[in-house]
Amino acid sequence: MVRIAEEQLDVLRAAGRAPLSDLAFELAIGVVSEVVGLRYGRPGIRRRLERFFPEEFGEPAD
């Protein structure tokens, strides 16, 4: 989890800013992938998960 959080911090540092929801989603995907053994699986987990959470439902509340 620490390694994945550091990767997300690197993304934030490189860009200078980033939506917290995107960073958190990537963190969650990375941690769950490690726990269930998908670390070396096919790429594209984020894209597949986003199909379950379409934009029509909007952004999470602040």
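Visitor: What makes Arg3, Glu7 and Glu34 a network?

Guide: Arg3, Glu7 and Glu34 are linked by salt bridges. A salt bridge is a side-chain nitrogen of Lys or Arg within 4 Å of a carboxyl oxygen of Asp or Glu. Between glutamate 7 and arginine 3, the closest N and O atoms are 2.8 Å apart, and between glutamate 34 and arginine 3 they are 2.7 Å apart. Glutamate 34 lies in helix 2 and arginine 3 in helix 1, so this pair ties together parts that are 31 residues apart in sequence. Please keep in mind that this is a predicted model, where local features need pLDDT of at least 70 and side-chain atom pairs count only at pLDDT 80 or more, while totals for chains, interfaces and linings use all residues. Residues are numbered from 1 along each chain as its sequence is written, and side-chain values use heavy atoms, with hydrogens and water left out.

Visitor: Why would such side chains pair at all?

Guide: Side chains of opposite charge can pair when their charged atoms come close.

Visitor: How many salt bridges does the structure hold?

Guide: The structure holds 3. Aspartate 10 and arginine 13 form one of them, at 3.4 Å from N to O. These two residues both lie in helix 1, 3 residues apart, about one turn of the helix. Glutamate 7 and arginine 3 are also both in helix 1, 4 residues apart, again about one turn. As for the word helix, it stands for a DSSP run of H or I with at least four residues, numbered from the N terminus.

Visitor: Why is arginine 13 called exposed?

Guide: Its relative accessible area is 57%, and exposed means over 50%, buried under 20%, and partly exposed in between (1.4 Å probe, protein chains only). Arginine 13 is therefore exposed.

Visitor: And why is aspartate 10 called partly exposed?

Guide: Aspartate 10 has 43% relative accessibility, so it counts as partly exposed. Glutamate 34 is partly exposed too, because its relative accessible area is 33%. Arginine 3 has 36%, so it is partly exposed, and glutamate 7, with 36%, is partly exposed as well.

Visitor: How do you know that helix 2 has the span expected of a helix?

Guide: The expected span is 1.5 Å times one less than the number of residues. Helix 2 (residues 20–36) has 17 residues and reaches 24 Å from its first C-alpha to its last, close to the 24 Å expected.

Visitor: Which residues of helix 2 are buried?

Guide: Leu23, Ile29, Gly30 and Ser33 are buried. They cover an arc of only 130° around the axis, which puts them on the same side of helix 2. That arc is the one of the directions from the helix axis to the C-beta atoms. Helix 1 (2–15) and helix 3 (45–50) are included in what covers these buried residues. On the other side of helix 2, Leu20, Val35 and Val36 are exposed.

Visitor: What makes leucine 38 partly exposed, and where is its place?

Guide: Leucine 38 has 43% relative accessibility, so it counts as partly exposed. Its place is in the loop between helix 2 and helix 3.

Key:
Contact means heavy atoms within 4.5 Å.
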